[in-house]
Amino acid sequence: MNVISIGYKNLKASGLRSVLTLIMLAAGVSLAVLLSALNESVDQGFKKNIKGTDMVVGAKGSPLQLILSAIYQIDNPTGNISKAEAENLAKNRLVDRTVQLSFGDSYKGRKIIGTSPEYMDWYDVGLESGRVWSEPFEAVVGAQVAAETGLSIGSTFHSAHGSDMDAEVHDDVDFKVVGIMEHSSTILDRVILVSDQSIRDLHHSEPGSEEEITAMLVRFKNKMGMLSLPRIVNEQTSMQAALPAIEVNRLMGLFSVGRQVFEIVTILLLALGGISVLVSMINAMSDRAYELALIRAMGAGRSKLLVMILTEAALLGLFGAVFGIIFGHVAQALLKKQMMMKYGFELNPLDFTAFETALILGTVLICVLAALFPALSASRRDVFKTLKEYED
Amino acid sequence: MEKKGELDPKPLVDVVNLSHQFDGQSPIQFPDFQCFQGEHMMISGLSGSGKSTLLYLIAGMLKVQSGQIKVLGKEIQNFSRKEMDQFRGENVGIVFQKARFISSLSVLENVIAGQYFAGKQKDSKSAEALLKSLGLLQMKSKQPRDLSGGERQRLSVARALASQPKILLADEPTSSLDDQNAEKVYNLLVKEANAHGATLILVSHDQRIRSHFQNIVSL
């Protein structure tokens with residue numbers, strides 16, 4: 001028997017009141033856990049796919065739209081650019097590598113990208129099986145696409161114009177799957193890669209007309225490129241240059257209002273949890289006034305009583321936080337599939353973070369602080385008066 | 001008042017010139033008296049005469065305002081609150097008027113709590129032995145609220161004795177009982193106090209048990 005076991009037994013004995021307080025605390029903590037995991041997942045998702053892309057060039061329009069469409073494949077392209085003009089830029093001495101992308105078609109909602117096998121090297125993604133495309137209308141599918149659509153080596157499919165599920169289908173040509181990429185948690189998991197020739201053939205480009213692509217990813221040789229190339233492209237060509245690092249930061253800035261709302265809700269819930277602890281402890285102290293006086297009568301000093309009551313509150317906080325963290329991770333497990341399918345963002349429900357340790361300590365601290373006032377007043381209550389009050 | 005100090009020449013409790021006044025009430029003047037080890041004593045008086053006040057003063061749960069109380073040779077009016085809590089835990093066990101317990105703890109745990117909060121070594125063997133001597137051992141895992149009235153009374157005696165006090169204070173333990181049970185509880189207190197080397201100081205207005213005591217302080 002010690003203050004911890006007595007605190008635990010008191011919590012157990014107080015039943016519904018403790019349960020309600022626990023639910024409040026757990027709700028706040030689980031929301032905080034989920035929020036931080038989603039933030040982390042979105043940040044990671046965006047950063048991972050930027051990887052190695054210093055600049056994107058495409059048709060003039062919204063730079064954010066260009067980044068979202070060319071890197072993340074979550075928006076429509078801004079238009080097409082001249083392949084020759086793009087290749088001219090690629091020759092600039094400040095440019096290290098480039099990869100050309102032609103898109104605008106899809107299969108069952110999965111984007112089909114006409115590109116070269118360098119696009120796979122760009123993200124260090126290899127093949128799980130099969131080989132890369134070499135002939136027109138050969139396709140390599142992302143790991144997630146293969147898993148979700150059932151496409152496997154040797155399967156054939158029709159592409160559709162646009163990215164909608166019910167878009168117009170090019171049913172005159174069959175694509176044939178020749179390879180499947182390994183899982184990489186990058187955008188490549190969710191796309192189908194073909195040669196850019198296939199895309200041109202698909203749209204029956206007239207022979208001799210100027211060849212076009214949708215966008216080009218650019219990697220600079222050094223920081224100098226960052227300073228001069230975007231301006232050169234924007235001022236001297238018909239193309240647009242967008243810097244993913246800047247656009248993603250801008251996008252995160254747009255999200256920040258939503259994030260703040262969630263943060264405020266989380267803080268409010270935790271504050272409510274604290275208030276609930278306060279109320280619950282005030283009630284408990286008045287219900288147990290006689291018991292507490294009895295404990296004093298047995299020889300326990302005020303400080304022991306104080307420690308006992310605060311330990312009880314700390315335990316409440318600890319259980320609330322632990323339950324909250326468990327719920328938070330269960331919620332992540334439930335959202336995992338959808339986050340991956342819809343946005344390509346990865347959630348790791350089995351990863352526990354330092355933030356969660358801080359959250360446990362913070363919750364325990366909130367509870368102890370909330371219980372401080374009732375605990376102090378209970379431990380200072382006049383023993384004689386209390387005992388007599390309950391005996392008469 | 002008869003004195004027999006053969007066991008220990010120093011009195012266990014020595015009250016001199018003690019008075020107490022609650023806010024807005026007239027002061028209570030207590031008679032001087034001494035209580036020696038092994039010499040069970042009754043403090044009797046009508047309700048409102050200050051019997052309980054005297055008991056709580058001896059237990060150090062009320063601050064001495066004027067006069068002197070020596071317990072085991074120590075002038076407890078000079079103790080700090082902390083020293084008093086410690087001293088009470090060490091030397092005094094109390095049986096309250098109503099047998100009430102820490103409701104979240106079992107019967108046995110309540111007896112162990114008597115040791116723990118008194119600052120004594122927790123010893124479940126001696127706690128069980130105490131329950132056994134009071135016929136409560138088979139109830140040890142039950143909650144106090146599941147006990148009968150008589151069992152609860154015995155449990156409160158067990159708890160008071162758990163810390164092996166030298167003084168066992170009892171506040172009106174028999175008043176609400178019928179003749180037969182009042183006698184039983186009196187016998188229990190005396191028997192257990194003797195068995196555990198404690199001296200009983202019983203506060204009561206109950207005339208039925210008065211005849212058992214030779215040593216009576218009347219307020």
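Predicted model: local features only at pLDDT ≥ 70, side-chain atom pairs only at ≥ 80, totals over all residues.
B:Lys51 sits in helix α1 of chain B, which spans residues 51-58. On the interface, 27 residues of chain A touch 31 residues of chain B.

**B:Lys51 and its surroundings**

- Is B:Lys51 buried or exposed? B:Lys51 has a relative accessible area of 5%, and because anything under 20% counts as buried, this lysine is buried.
- A polar atom of the B:Lys51 side chain lies 3.1 Å from the backbone oxygen of B:Gly45.
- Setting aside neighbours within four places in sequence, B:Lys51 has a run of contacts that includes B:Ile43, B:Ser44, B:Gly45 and B:Leu46.
- Further along the chain, the contacts of B:Lys51 include B:Glu172, B:Val203, B:Ser204, B:His205 and B:Leu219.

- Three salt bridges turn up across the interface of chain A and chain B.
- A:Lys9 pairs with B:Glu109 in a salt bridge, with the closest N and O atoms 2.4 Å apart.
- Counting residue pairs in polar contact between chain A and chain B, with both residues at pLDDT 80 or more, gives eleven.
- Four helices of chain A each put at least two residues on the side that touches chain B: α1 (3-13), α10 (289-297), α11 (302-343) and α13 (383-391).
- Sorted by class, that side of chain A has 15 nonpolar, eight charged and four polar residues.

**How chain A is built**

- Chain A comes to 13 helices and twelve strands.
- Taken along the principal axes, the C-alpha atoms of chain A fill a box of roughly 105 × 45 × 30 Å.
- How much of chain A counts as buried? The figure is 50% of its 392 residues.
- Among contacts in chain A with a separation of 6 or more, 78% come from residues 24 or more positions apart.

Note on methods:
Residues numbered from 1 in each chain as written. Chains lettered and ligands numbered in written order. Heavy atoms only, no water. Contact = heavy atoms within 4.5 Å. Salt bridge = Lys/Arg side-chain N within 4 Å of Asp/Glu carboxyl O. Polar contact = N/O pair within 3.5 Å; in protein donor to acceptor, adjacent residues only side chain to side chain. Nonpolar A, V, L, I, M, F, W, Y, C, P; charged D, E, K, R; others polar. Buried < 20%, exposed > 50% of the residue type's maximum accessible area, 1.4 Å probe, protein only.
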